[in-house]
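Trainee: I would like to go through this model step by step. Can we start with the basis and then take the strands and a few residues?

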Amino acid sequence: ANGSMNLTSTDALLGPDLAHARDLTIRIADGRIARIDANPGQAAGPRRLAMPAFANGHDHARALSLTSF
C-alpha cells in the first residue's frame with residue numbers, strides 16, 4: 001500500500017464539466033483520490049489549482065507520432 005495523504009487546494013476543476021470549486025481537501029489513499037471535502041475557511045497560503053492530468057500530454061497534439069514506428 002502507498003499510504004495516504006491530504007492535499008489542500010484553493011481552486012479545483014471537478015467532474016466531467018470541470019466545474020470550478022474553492023477551498024477543498026483532497027484525500028489520496030493507495031495512489032487514488034479517495035474523497036474530496038469542502039474546507040471552508042482554509043488557512044492562508046499559496047494558491048493551488050487542482051485539475052485532471054493530461055493523458056499522454058507529450059504526444060497529445062501531434063497528428064502522427066514518430067515514436068510509434
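The questions below go from the whole chain to single residues.

Mentor: This is a predicted model, in which local features need pLDDT of at least 70 and side-chain atom pairs count only at pLDDT 80 or more, while totals for chains, interfaces and linings use all residues. Residues are numbered from 1 along each chain as its sequence is written, and side-chain values use heavy atoms, with hydrogens and water left out.

Trainee: How many helices and strands does the protein chain have?

Mentor: Helices (H or I, at least four residues) and strands (E, at least two) are DSSP runs, numbered from the N terminus. Along the sequence the pattern reads β-β-β-β. The count is 0 helices and 4 strands.

Trainee: In what order do the 4 strands lie in the open sheet?

Mentor: Strands of a sheet pair through backbone hydrogen bonds, either parallel or antiparallel. Two strands count as paired here if DSSP finds at least two bridges between them. The pairing in this open sheet is mixed, and the order is E3-E2-E1-E4.

Trainee: Which are the edge strands?

Mentor: An edge strand here pairs on one side only. The edge strands are E3 (32-38) and E4 (49-50).

Trainee: Over how many bridges do E1 and E2 pair?

Mentor: Strand E1 covers residues 4-14, and strand E2 covers residues 19-29. Ser4 stands opposite Ala29 in E2. E1 and E2 pair in the antiparallel sense, over 10 bridges.

Trainee: Is Thr10 buried or exposed?

Mentor: Thr10 is found in strand E1. Buried means under 20% relative accessible area, exposed over 50%, partly exposed in between (1.4 Å probe, protein chains only). Thr10 has a relative accessible area of 11%, so Thr10 is buried.

Trainee: Which side chain does Thr10 join in a polar contact?

Mentor: A polar contact is a pair of N or O atoms within 3.5 Å; within protein, one must be able to donate a hydrogen and the other to accept it, and residues adjacent in sequence count only if both atoms are side-chain atoms. The contact of Thr10 is 3.3 Å, and the partner is Asp11.

Trainee: Where is Leu18, and what is its phi?

Mentor: Leu18 is found in the loop between E1 and E2. Its relative accessible area is 42%, so Leu18 is partly exposed. Leu18 is a residue other than glycine with a positive phi, near 55 degrees.

Trainee: What is the phi of Asp23?

Mentor: Asp23 lies in strand E2. With a relative accessible area of 23%, Asp23 is partly exposed. Its phi is positive in a residue other than glycine, near 50 degrees.
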